[in-house]
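The entries follow the order in which I looked things up.

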Amino acid sequence: MPAKASGLGSLNVVDEFDGGFGWIAHPDESMERTSHALVGDDGVWAVDPVDAEGIDARFEEAGGLDGVVVLYNYHRRDAAAIAARHDVSVYLPEGMSGLSANDIAVPVERFEGRLPGTGFHLRTVTNRGVWQEWALCDGETLVVAESVGTADYFTAPGERLGVSLVRRPFPPAALDGIDPERILCGHGEGVFADADGELQRAISEARRTAPRMYVRHGPTLARNLVAAML
């Protein structure tokens, strides 16, 4: 099982709801990279997308692609390729220094506050050193790029949602107190039942379960981190 697959993926749709959908382009990779499309006023916004056959048709069915958003500096993924095909810009959070226009071969726009044409607002998850991460939230749906996920290497036994192994010693306090109805993750399928409870449990228990998580998933984490930075 590769950490991160290459090439055009397939459109394995997950996380489908009234406000958008998600897809896992390469379900056999250990990173379980998940992409999302969020419905706006006139079309959809792709978030941290991995390219997949048939995704352009899904965008058109939803009114067309308004733009591509990158929420985590290591989630450049296929943002530029998808944006170029649809003649739209890649949007980066204002303040993201770990990724710049020089890293993306299409027009780049910076934004803060509300994502244009949507009810989603940016929330800073962490903006320190090499980890530059933001989330999107509209009061019902929380989109988290990296700090929490449902992929196997994110979760302890009994967890549906877990904090990244890298963040477990210092859980993402910026996400504490949010009460979403659903959580869309950058790694793994989303959480649609008891999402607020799962988020609070993941954050509150992150340190306690960290030692056995490192033993269980440490090698996978190391391999995935190397793959993510390539």
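Predicted model: local features only at pLDDT ≥ 70, side-chain atom pairs only at ≥ 80, totals over all residues.

Entry 1. I began with E181, which counts as partly exposed because its relative accessibility is 45%. My cut-offs: buried is under 20% relative accessible area, exposed is over 50%, and partly exposed lies in between (1.4 Å probe, protein chains only). R182 counts as buried, at 15% relative accessibility. The side chains of R182 and E181 meet in a salt bridge, 3.8 Å from N to O. By salt bridge I mean a side-chain nitrogen of Lys or Arg within 4 Å of a carboxyl oxygen of Asp or Glu. I also noted one network, in which salt bridges with shared partners join R160, D194, E198 and R201.

Residues are numbered from 1 along each chain as its sequence is written, and side-chain values use heavy atoms, with hydrogens and water left out.

Entry 2. I counted salt bridges for the structure and got 11. One of them pairs D56 with R85 at 2.9 Å, N to O. This pair links distant parts of the chain, 29 residues apart: D56 sits in helix α1 (residues 55-61) and R85 in helix α2 (residues 79-86). Helices (H or I, at least four residues) and strands (E, at least two) are DSSP runs, numbered from the N terminus. D56 is partly exposed at 27% relative accessibility, and R85 is partly exposed at 41%.

Entry 3. R58 forms a salt bridge with E61, with 3.8 Å between the closest N and O atoms. Both residues lie in helix α1, three residues apart, about one turn of the helix. E61 is exposed, at 64% relative accessibility.

Entry 4. Is E29 buried or exposed? E29 is buried, with a relative accessible area of 2%. I found E29 in the loop between β3 (20-24) and β4 (35-39). Its C-alpha is 6.0 Å from that of A5, 24 residues away in sequence.

Entry 5. The largest nonpolar core has 41 residues, of which F59, V68, L71, V90 and L136 touch the most other members. Such a core is a set of buried Ala, Val, Leu, Ile, Met, Phe, Trp, Tyr and Cys residues joined through side-chain atoms within 4.5 Å. Its largest share, four residues, comes from β5. A second, separate core of 18 residues includes L142, L175, I178 and L199.
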